[in-house]
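This report covers charged side-chain pairs.

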Amino acid sequence: MKKYRLAYEDWICILSKDTYSKRVDSEVFKGYLGLIKIHEVTEPQIWRFNNEDIISCDKGMKWLTILPQDEFYCITVMFDENNDINGWYIDMIVGQGIDPDGVTYIDDLYLDLVVYPDGTVLEDDMNELEDALARGDITRELFELAITTSEKLKTGLLSDIKAFRKYTMKCLD
């Protein structure tokens with residue numbers, strides 16, 4: 001499994017950013033929220049969807065990380081400079097924690113969901129999950145956890161894009 005720090009140091013296209021994170025315990029959300037304000041990039045990162053370009057990383061954007069406690073997923077929301085949502089990227093995870101330097105991290109389970117502004121949900125990296133199982137890097141139980149979590153999200157939180165958008169904005173606030 002891969003450990004990812006939610007400071008997004010692996011995004012080498014980001015040259016300058018500010019990062020914030022905090023533990024939240026409210027009626028709307030319990031867990032960790034993080035916010036990255038992107039100041040400078042080497043070049044914009046663009047996803048192609050339905051013959052449209054969707055910018056996932058560029059100067060002036062914000063990324064909100066939503067990491068609920070006791071759940072097995074981590075949501076990254078990509079906002080443009082006007083706080084409009086460009087899309088969501090959801091990692092299936094097996095664990096989460098805080099490094100000694102205070103940066104929150106996740107233990108990634110390979111499988112991801114990409115959610116577009118119109119509510120379309122696409123599965124990403126299923127081949128990586130299957131390869132990890134075949135190599136013995138993860139157990140059958142962890143493989144099933146990733147699949148079950150993905151299905152739970154699709155039939156639950158992601159089944160109503162307007163409600164999901166509203167939830168996202170409450171977390172941003």
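## Lys-30 and Asp-25

Lys-30 and Asp-25 form a salt bridge, with their closest N and O atoms 3.0 Å apart. The term means a side-chain nitrogen of Lys or Arg within 4 Å of a carboxyl oxygen of Asp or Glu. Asp-25 is exposed, at 58% relative accessible area. Lys-30 is partly exposed, at 40%. Buried is under 20% relative accessible area, exposed over 50%, and partly exposed in between (1.4 Å probe, protein chains only).

## Basis of the model

This is a predicted model: local features need pLDDT of at least 70, side-chain atom pairs count only at pLDDT 80 or more, and totals for chains, interfaces and linings use all residues. Residues are numbered from 1 along each chain as its sequence is written, and side-chain values use heavy atoms, leaving out hydrogens and water.

## A link across the chain

Glu-123 pairs with Lys-154 in a salt bridge, the closest N and O atoms being 3.1 Å apart. This pair links distant parts of the chain, 31 residues apart: Glu-123 lies in strand E10 (residues 121-124) and Lys-154 in helix H2 (residues 140-155). Helices (H or I, at least four residues) and strands (E, at least two) are DSSP runs, numbered from the N terminus. Glu-123 is partly exposed, at 39%. Lys-154 is partly exposed too, at 28%.

## Arg-135 and Asp-137

Arg-135 meets Asp-137 in a salt bridge at 2.7 Å, N to O. Arg-135 is exposed, at 52% relative accessible area. Asp-137 is partly exposed, at 40%.

## Network and total

A network of salt bridges links Lys-3, Arg-5, Glu-9, Asp-99 and Asp-101. The structure holds eleven salt bridges.
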